[in-house]
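Welcome! Take a moment to look over the sequence and turn the model around before reading on. The notes below walk through it topic by topic.

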Amino acid sequence: MPRPTRAIINLNNLHRNYSRAAGLAHPAQAIAVVKANGYGHGLQAIAASLSSVAPMFAVAMLEEALTLREVVPHTPVLIMQGVHEATDWATCSQLGFIPVVHSQEQLTSLQAAAERLSLTVWVKVNSGMNRLGFAPGQVPGVLSTLQQIPGVEVTTLMTHFAQADEAGCARTREQLGIMAGLRKQFPGLAQSVANSAAHYTTDPSGNEWTRPGIMLYGAAPLAGSTGLEMGLDPVMTLESELIAVRDLQPGDAVGYGADWVAERPTRMGIVAVGYGDGYPRAAPSGTPVAVAGRLTSLIGRVSMDMLAVDLGPVADATPGDKVELWGATVSVDTVARAAGTIGYELLTRVTSRVPRQYT
Ligand SMILES: *Cc1c(COP(=O)(O)O)cnc(C)c1O
C-alpha cells in the first residue's frame, strides 16, 4: 500500500495562471518557463498541458529541452543558458531549439561550428543583473559577428531584471532604459524582458515576449506576498496523512533534539512527510499546516520521513486524516517565509519519491 504522501498538480489552475500572465503581457506573448522540472511540477506533464496555449517554452539547458521535445514536438523552445558544448549547436538546429548567446565563448564556439545550421538565436544583454550577457556597448559587434555566420539568425534581444519583485525600483527603470535605447538602435529586433514579477511591477506589453515562470505555478513573484494574496491559483498541493496521534503530558519533548516541550496536555499528530520529500527542515515550530482542512502548526523538528503537528485546534483528528503541507489553505509562500526561503525553492525541491498526481 503506497504511502499517502503526494503532490497533486491541478492543471486547470495552471491554465488559469497562464491566462493571467498572457493577459498582463498582451500584446506581448507569454513564454511558459518550465525549467527545473516545471518548477518541480513535472516538466513533461506541464509542457504537454500548456502546449495548447503557449507559443514558446523556456528551459535553462539542453537536457531539459530534449525531455520537453518528447512530448511537445513542434513548439519552439528557448534555452536560456544557451549551449555548453560545441556539438550542441547542431542539436538545437535539428530540433528547433533557440539557444541564448550570452558570452564571447559561446559566440566563438558558434563561429567554429562545422555543421550546416538553420538556427535562430537570441542575444542576452547584461542591463544590470551582472550575471550573464553582453554589455549594451558590445551588442552591435556581437550582432554583426552573428550575421556573418551562415544559417544563423538573431531575432531577439533579451535581458533579465534583478529587482523586478520590488515595485518602483530605480534599477529596474535603468534596465528598461537600456533596453529602450537598444530598441531605437535595432528596431528590427524583438525584445524579451519580463519575468513573472515584472508582469506586475512594469508594463511588459511593449515587448514582443515575456517569460513568466513562478506565477504559472501560483506562487508569489513579489517579495513579501503570497500567491493566494495575489489572486493566483496554487497548482501544487503537497499532502499527506496523519499516521499516528498521541497525547503528550506537560514536560514531554517531541522529536530530535527534544526541541519542543509540551507546556500543557497536548494532542499531537505525526505526518508521513519530511525533508526527504522536500518539506524544508528549516521550518520551525509554529509553521502553518492544515489538518482535515483546519489550520494548525508544526511542533518540533522536521525529520527526514515525518513531522509533528499540534492537534489542539483539530482535537477530533484521527490517523488517516488528510494533511495539507501547502496548497490552497496554506500558501507555499507562507511556509517558505517561515523556513527563510522562497516558494521557488520549496517547489523545485520536492523530491522524486513524492508521486505527482495530475488532475
Ligand atoms: C527563471 C527565469 C525566468 C522566470 O522567472 P520567474 O521569476 O519564475 O517568473 C525568466 N527569465 C529567465 C532568464 C530565467 O532564468
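Let's begin with R183, which counts as partly exposed because its relative accessibility is 24%; partly exposed is the range between buried (under 20% relative accessible area) and exposed (over 50%), found with a 1.4 Å probe and protein chains only. This is a predicted model, in which local features need pLDDT of at least 70 and side-chain atom pairs count only at pLDDT 80 or more, while totals for chains, interfaces and linings use all residues. Residues are numbered from 1 along each chain as its sequence is written, and side-chain values use heavy atoms, with hydrogens and water left out.

**Salt bridges**

- The structure holds 12 salt bridges, a salt bridge being a side-chain nitrogen of Lys or Arg within 4 Å of a carboxyl oxygen of Asp or Glu.
- R183 has E208 as a salt-bridge partner, and their closest N and O atoms are 2.9 Å apart.
- R183 sits in helix α8 (residues 170-185) and E208 in the loop between α9 (196-201) and β10, so this pair ties together parts that are 25 residues apart in sequence. Helices (H or I, at least four residues) and strands (E, at least two) are DSSP runs, numbered from the N terminus.
- E208 is partly exposed too, with a relative accessible area of 29%.
- D277 and R353 form another salt bridge, with 2.6 Å between the closest N and O atoms. This pair links distant parts of the chain, 76 residues apart: D277 is in the loop between β14 and β15, and R353 is in the loop between α11 (343-348) and β19 (356-358).
- D277 also meets R3 in a salt bridge (2.7 Å, N to O). R3 lies in the segment before β1 (6-9) and D277 in the loop between β14 and β15, so the pair ties together parts that are 274 residues apart in sequence.
- Is D277 buried or exposed? At 0% relative accessibility, D277 counts as buried, whereas R3 is partly exposed at 32% and R353 is partly exposed at 37%.
- Through shared partners, salt bridges join R3, D277, D305 and R353 into one network.

**Aromatic pairs**

- How many aromatic pairs does the structure hold? There are four; rings of Phe, Tyr and Trp (its six-membered ring) pair if their centres lie within 6.5 Å, and planes under 30 degrees apart count as stacked, over 60 as edge-to-face and the rest as tilted.
- W122 and W209 make a tilted pair, because their ring centres are 6.2 Å apart and their planes stand at 45°.
- W122 belongs to strand β7 (residues 119-124) and W209 to strand β10 (residues 209-210), so the pair ties together parts that are 87 residues apart in sequence.
- W122 is buried at 1% relative accessibility, and W209 is buried at 16%.
- Y279 and W326 form a stacked pair, with 6.1 Å from centre to centre and 20° between the planes. Y279 lies in the loop between β14 (266-271) and β15 (288-291) and W326 in strand β18 (residues 322-326), so this pair ties together parts that are 47 residues apart in sequence.
- Both Y279 and W326 are buried.
- Y39, Y217 and Y344 come together in one aromatic cluster.

- H26 and P27 are joined by a cis peptide bond, with omega about 5°; P27 is in the loop between α1 and β2 (29-30).
- N37, in helix α2, has a positive phi of about 55° although it is not a glycine. With a relative accessible area of 37%, N37 is partly exposed.
- N130 also has a positive phi, near 55°, without being a glycine. It lies in the loop between β7 and α7 (139-147) and is exposed, with a relative accessible area of 59%.
- G38 is in helix α2 (residues 35-39) and is buried, with a relative accessible area of 0%. Leaving aside neighbours within four places in sequence, G38 is in contact with L43 and Y217, where contact means heavy atoms within 4.5 Å.

**The whole chain**

- The chain contains 11 helices and 19 strands.
- Of its 359 residues, 52% are buried.
- Its C-alpha atoms fill a box of roughly 75 × 45 × 35 Å, taken along the principal axes.
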